[in-house]
Amino acid sequence: MPLPAMTHSSSFLLPASTTTPPPNDAATTYALVVLNQRLPRFAPLLWARARLRVCADGGANRVFDGMPELLPGEDPADVRARYKPDVIKGDMDSIRPEVKEYYSNLGTNIVDESHDQDITDLHKCVSFVTRELPVPDKSNLCILVLGALGGRFDHEMGNINVLYRFSDTKIVLLSDDCSIFLLPKTHTHEIHIEKSVEGPHCGLIPIGGPSSSTTTTGLRWNLDNTSMSYGRLVSTSNIVDDDKITVASDSDLIWTISLRN
């Protein structure tokens with residue numbers, strides 16, 4: 001029995017004036033999670049696309065400081081008031097007191113979960129989004145995560161682990177340089193490439209375990225029933241040639257692609 005197909009797209013990075021979304025994108029509901037790293041240049045665009053905006057602890061500092069820096073032609077006070085998180089959630093060990101007070105006075109819901117040290121702030125935020133955002137079909141939910149890449153390597157690996165913990169939810173980790181998401185082995189995958197904003201460099205990485213069979217189309221160097229594992233072949237520094245990439249594998253894979261400036 002053939003596996004169901006899952007479609008992926010980075011159309012959320014296209015300018016707001018774009019009027020022809022790729023297949024299935026019109027039905028997508030976006031949520032935004034901000035972690036404690038520098039905001040990428042496209043943060044205001046993704047903020048506008050999201051139905052729910054959640055800051056993980058020190059991510060609130062990044063919004064408070066970073067949004068006015070990304071919009072230098074506007075009054076900082078107006079920018080801060082406009083870019084108000086719906087929820088701030090986490091250990092509360094990184095958010096500055098004045099930032100916490102500012103957003104609390106604006107009505108942001110602040111949830112202190114310092115009692116739970118067994119899971120990461122990103123895990124807590126993703127759990128909150130999947131539980132609280134009213135999306136009838138969860139396959140139409142896509143969680144965009146800013147600040148998940150860069151900084152400490154153990155934090156990055158913890159964030160990638162969240163992709164595996166929530167493998168039935170579309171989660172995209174984003175930086176100024178690249179995007180990362182999981183391709184679960186339970187599906188085949190169609191990745192629609194937005195060449196104006198991403199590529200050409202890409203990679204398929206078997207982080208969760210070895211793959212004995214991965215097949216792709218649309219890449220410069222396609223895989224044909226190819227095995228991949230750490231210590232052997234890993235598909236890095238590949239190139240997207242086509243507008244649509246297909247991937248089928250017997251293992252969960254991480255897809256990553258460069259983002260254009």
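Modeller: What follows is a short talk through the sheet, the cores, the cysteines and some backbone details.

Colleague: What kind of model is this, and how are the residues numbered?

Modeller: This is a predicted model, in which local features need pLDDT of at least 70 and side-chain atom pairs count only at pLDDT 80 or more, while totals for chains, interfaces and linings use all residues. Residues are numbered from 1 along each chain as its sequence is written, and side-chain values use heavy atoms, with hydrogens and water left out.

Colleague: Which residues touch the most other members in the largest nonpolar core?

Modeller: That core has 47 residues, and Leu-46, Leu-144, Leu-174, Leu-204 and Trp-255 touch the most other members. A nonpolar core here is a set of buried Ala, Val, Leu, Ile, Met, Phe, Trp, Tyr and Cys residues joined through side-chain atoms within 4.5 Å. Buried means under 20% relative accessible area, exposed means over 50%, and partly exposed is in between, with a 1.4 Å probe and protein chains only.

Colleague: And what does Leu-46 touch?

Modeller: Leaving out residues up to four places away in sequence, Leu-46 touches Phe-12, Leu-13, Leu-32, Leu-144, Leu-146 and Leu-174, where contact means heavy atoms within 4.5 Å. Another core, of 30 residues, lies apart from the largest one, and among its members are Ala-31, Val-129, Ala-148 and Leu-163.

Colleague: Switching to strands, what is the order in the open sheet of five?

Modeller: The order is 1-9-14-11-12, and the pairing is mixed. Strands (E, at least two residues) and helices (H or I, at least four) are DSSP runs numbered from the N terminus, and two strands pair if DSSP finds at least two bridges between them. The edges are strand 1 (5-9) and strand 12 (226-228), each of which pairs on one side only.

Colleague: How does strand 9 pair with strand 1, and how with strand 14?

Modeller: Strand 9 (residues 188-192) runs parallel to strand 1, with five bridges, and Ser-9 has His-192 of strand 9 as its bridge partner. Strand 9 and strand 14 (residues 244-249) run antiparallel and are joined by four bridges, with His-192 opposite Lys-244 in strand 14.

Colleague: Which annotation covers residues 187-253?

Modeller: The unreviewed UniProt entry carries "domain: Thiamin pyrophosphokinase thiamin-binding" for residues 187-253; UniProt positions are given in the numbering used here, feature names are shortened, and annotations may be inferred rather than shown by experiment. In the model, that span is 0% helix and 52% strand, and its end C-alpha atoms lie 11 Å apart.

Colleague: How many disulfides does the structure hold?

Modeller: The structure holds zero disulfides, a disulfide being a pair of cysteine sulfur atoms within 2.5 Å.

Colleague: Where is Thr-29, and what is it in contact with?

Modeller: Thr-29 is in strand 2 (residues 29-34) and is buried, at 9% relative accessibility. Neighbours within four places in sequence aside, Thr-29 is in contact with Arg-51, Leu-133, Val-135, Asn-140, Leu-141 and Cys-142.

Colleague: Is Gly-151 buried or exposed?

Modeller: Gly-151 is exposed, at 58% relative accessibility, and sits in the loop between strand 6 (141-146) and helix 6 (153-165). Its C-alpha is 7.2 Å from that of Gln-37, although Gly-151 and Gln-37 are 114 residues apart in sequence.

Colleague: Now the backbone: which peptide bond is cis?

Modeller: The bond from Gly-199 to Pro-200 is cis, with omega near 5 degrees. Not counting residues up to four places away in sequence, Gly-199 touches Val-240, Ile-257, Ser-258 and Arg-260.

Colleague: What about the phi of Asp-57 and of Asn-225?

Modeller: Asp-57 is not a glycine, yet its phi is positive, at about 55 degrees; Asp-57 lies in the loop between strand 3 (52-56) and helix 2 (59-70) and is buried, at 1% relative accessibility. Asn-225, also a residue other than glycine, has a positive phi near 55 degrees, and Asn-225 is in the loop between strand 11 (211-217) and strand 12.
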